[in-house]
Amino acid sequence: MQTASRRFDLSVQYACNKEGLPSRPQFRGWARAALEGGGQVTIRLVEAEEGQELNREYRGKDYATNVLSFPYDTEPRVFGDLVICPAVVAREAAEQGKSLEAHYAHLVVHGMLHLQGWDHEEDDSAEAMEQREREILAGLGYPDPYA
């Protein structure tokens with residue numbers, strides 16, 4: 001039995017119609033691997049229009065992006081939302097020659113680290129975050145996403 005501090009509640013919302021989306025158990029495994037402690041997280045998969053609207057509203061950038069992180073609290077448990085745009089994820093995976101599954105895994109890990117306060121605004125913090133992503137993904141059997 002999980003203690004309250006390790007309990008992890010995950011909701012996955014499929015708000016788009018795309019073939020080949022990862023399953024709830026896949027999302028849970030990737031998110032759990034990146035989570036230190038417990039938390040309550042929603043992953044919402046959206047069409048490009050919704051992703052663009054959210055990116056414009058919250059980041060001032062007028063395009064759909066791969067993943068947006070909305071942290072609400074980090075102590076004592078992580079609370080937040082990840083919004084993923086499958087159209088962007090699929091395009092990036094093809095452009096970068098990555099498997100779609102590995103790219104989804106990377107973006108979930110990346111987003112989960114953001115929910116826990118990691119960032120990549122400065123070179124030092126970017127290097128630390130990228131190294132942590134590599135470690136988590138290697139532990140899940142995925143290749144280095146930055147190679």
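Student: Which conventions apply to the numbering and to the values?

Tutor: Residues are numbered from 1 along each chain as its sequence is written, and side-chain values use heavy atoms, with hydrogens and water left out. Because the model is predicted, local features need pLDDT of at least 70 and side-chain atom pairs count only at pLDDT 80 or more, while totals for chains, interfaces and linings use all residues.

Student: In which order do the four strands form the open sheet?

Tutor: Strands here are DSSP runs of E with at least two residues, and helices are runs of H or I with at least four, each numbered from the N terminus; two strands pair if DSSP finds at least two bridges between them. The edge strands, each pairing on one side only, are β1 (8-15) and β3 (67-73). The pairing is mixed, and the order is β1-β2-β4-β3.

Student: How do β2 and β4 run, and how do β3 and β4 run?

Tutor: Seven bridges join β2 (residues 39-46) to β4 (residues 78-84), and these two strands run parallel; Gln40 has Phe79 as its bridge partner in β4, and Leu45 stands opposite Ile84. A hairpin of four residues joins β3 to β4, with Ser69 partnered by Leu82 and Leu68 standing opposite Val83. Six bridges link β3 and β4, which run antiparallel.

Student: Why is β4 described as largely enclosed by the rest of the structure?

Tutor: Burial is judged by relative accessible area, with buried meaning under 20%, exposed over 50% and partly exposed in between (1.4 Å probe, protein chains only). Strand β4 is largely enclosed because the number of its seven residues that are buried is five.

Student: Is Val83 buried or exposed?

Tutor: Val83 lies in strand β4, and, contact meaning heavy atoms within 4.5 Å, it touches Arg44, Val46, Leu54, Asn66, Val67, Leu68 and Phe70, not counting residues up to four places away in sequence. Its relative accessibility is 7%, so Val83 counts as buried.

Student: At about what angle does α2 run to β3?

Tutor: Axes are lines fitted to C-alpha atoms, for helices over the stretch in contact, and angles run from 0 to 180 degrees between N-to-C directions. Helix α2 (residues 48-59) lies across β2, β3 and β4, and the angle that it makes with β3 is about 55 degrees.

Student: Which elements do the buried residues of α1 pack against?

Tutor: The buried residues of α1 are Phe27, Trp30, Ala31, Arg32 and Ala34. Gly29 is also placed in helix α1, but with a relative accessible area of 31% this glycine is partly exposed. The buried residues of the helix pack against β1, β2, β4, α4 and α5.

Student: How many nonpolar, polar and charged residues make the contact of α4 with α5?

Tutor: The contact is formed by Ala105, His106, Val109, His110, Leu113 and His114 of α4 together with Met129, Arg132, Glu133, Ile136 and Leu137 of α5. Ala, Val, Leu, Ile, Met, Phe, Trp, Tyr, Cys and Pro count as nonpolar, Asp, Glu, Lys and Arg as charged, and the others, Gly among them, as polar. By class, the contact has six nonpolar, three polar and two charged residues.

Student: What is the relative accessible area of His106?

Tutor: His106 lies in helix α4 and, leaving aside its neighbours within four places in sequence, is in contact with Glu133, Leu137, Pro145 and Tyr146. His106 is buried, and its relative accessible area is 7%.
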